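Biologist: I would like to learn how to read a structure I have not seen before. Could we go through it feature by feature?

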Amino acid sequence: MSEKIAVIGAGIAGLTCARELQNAGLEVVLYDKGRAPGGRLVTRRVDGIAFEPDRHYAGDYGAQYFTIRDDGFRSRIQDAAHAGAVDEWRPRWPDDTRERSPTYVATPGMSRLGRVFASGLDVRCGTRVVAIERRGTRWKLVDEVDSIIETYAALVLAIPAPQAAELAGPRLDPRIAAVRMLPCWAAILA
């Protein structure tokens, strides 16, 4: 049997984990319930509205911009910038007297960064893993239509703690299961 590793969640954390595992010579498959990789790096496109039917709008929600504090991330972002996928963003903040870290955006929208980070990885979007089971030394993944996806030698949950707790149940460290997340509302107005 193949010694593949499954990563559930194709946000930045899952994509980065999978890339590092792949760079170490391992075979990795990522699963994500979304339509595209990137997790919270989402760009919503709206075609035409009543008073401007031929105009196209796009808005980023989730992450509107990002900063860089890690050299490894900086290197990945520099590569993305050379490919034309990232640019520095220079907003005019209400309190412009403070020294701020440089801010960046993906171009033309934040969802592009997820696609750039996923390049060369085996990412299977539109697949919601609803159960994980330990079978001897392997992990079995089951999707929402009760199909066995595949079995894997190792499993990484790169999803928010509440989702990980629901999926892993008592196998998850109780400290992770106890993480509470605060909601964030986003609106795109045209």
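Predicted model: local features only at pLDDT ≥ 70, side-chain atom pairs only at ≥ 80, totals over all residues.

Biologist: Let us begin with the open sheet of 4 strands: what is the order of its strands, and how are they paired?

Modeller: As a general idea, the strands of a sheet pair through backbone hydrogen bonds, in either a parallel or an antiparallel sense. In this structure the open sheet has 4 strands in the order 7-2-1-11, and the pairing is parallel.

Biologist: How should I read the antiparallel part, and over how many bridges do strand 8 and strand 9 pair?

Modeller: Strand 8 (residues 129-135) pairs with strand 9 in the antiparallel sense over 6 bridges, with Val 129 having Asp 143 as its bridge partner in strand 9. Strand 9 (residues 138-143) also pairs in the antiparallel sense with strand 10 (residues 148-152), over 4 bridges; here Lys 140 stands opposite Thr 151, and Leu 141 has Glu 150 as its bridge partner.

Biologist: Which residues have a positive phi in these two hairpins?

Modeller: In general, most residues other than glycine have a negative phi. The hairpin of strand 8 and strand 9 has 2 residues between the strands, and Gly 136 in its turn has a positive phi of about 65°. In the hairpin of strand 9 and strand 10, with 4 residues between the strands, Asp 146 takes a positive phi near 65°.

Biologist: Are the residues of strand 9 buried or exposed?

Modeller: Strand 9 is mostly covered, as 6 of its 6 residues are buried. Arg 138, Lys 140 and Val 142 point one way, while Trp 139, Leu 141 and Asp 143 point the other way, and all are buried.

Biologist: Turning to the largest nonpolar core, which residues touch the most other members?

Modeller: This core has 23 residues, and those touching the most other members are Leu 15, Leu 30, Phe 66, Ile 77, Val 86 and Leu 113. The elements that give two or more residues to it are strand 1 (5-8), helix 1 (12-23), strand 2 (28-32), helix 2 (71-82), strand 6 (103-106) and helix 3 (111-118). Leaving out residues up to four places away in sequence, Val 86 touches several residues, including Phe 66, Ile 77, Tyr 104 and Leu 113. There is also a second, separate core of 15 residues, which includes Tyr 31, Ile 132, Leu 167 and Ala 168.

Biologist: Where is Asp 122 found, and what is it in contact with?

Modeller: Asp 122 is found in strand 7 (residues 122-125) and is partly exposed, with a relative accessible area of 31%. Apart from neighbours within four places in sequence, Asp 122 is in contact with Val 28, Val 29 and Leu 30, and a polar contact of 2.9 Å joins its side chain to that of Arg 124.

Biologist: How many disulfides does the structure hold?

Modeller: The structure holds 0 disulfides. For Cys 17, the closest cysteine sulfur is that of Cys 125, and because the distance is 16 Å, the two are too far apart for a bond. Cys 17 is partly exposed at 23% relative accessibility, and Cys 125 is partly exposed at 28%.

Biologist: Finally, which residues does the cis peptide bond join?

Modeller: In general, most peptide bonds are trans. Here a cis peptide bond, with omega about 5°, joins Thr 107 and Pro 108, and Pro 108 lies in the loop between strand 6 and helix 3.

Technical notes
Residues numbered from 1 in each chain as written. Heavy atoms only, no water. Core = buried A, V, L, I, M, F, W, Y, C linked by side-chain atoms within 4.5 Å. Buried < 20%, exposed > 50% of the residue type's maximum accessible area, 1.4 Å probe, protein only. Contact = heavy atoms within 4.5 Å. Polar contact = N/O pair within 3.5 Å; in protein donor to acceptor, adjacent residues only side chain to side chain. Pairing = 2+ DSSP bridges. Disulfide = S-S within 2.5 Å.
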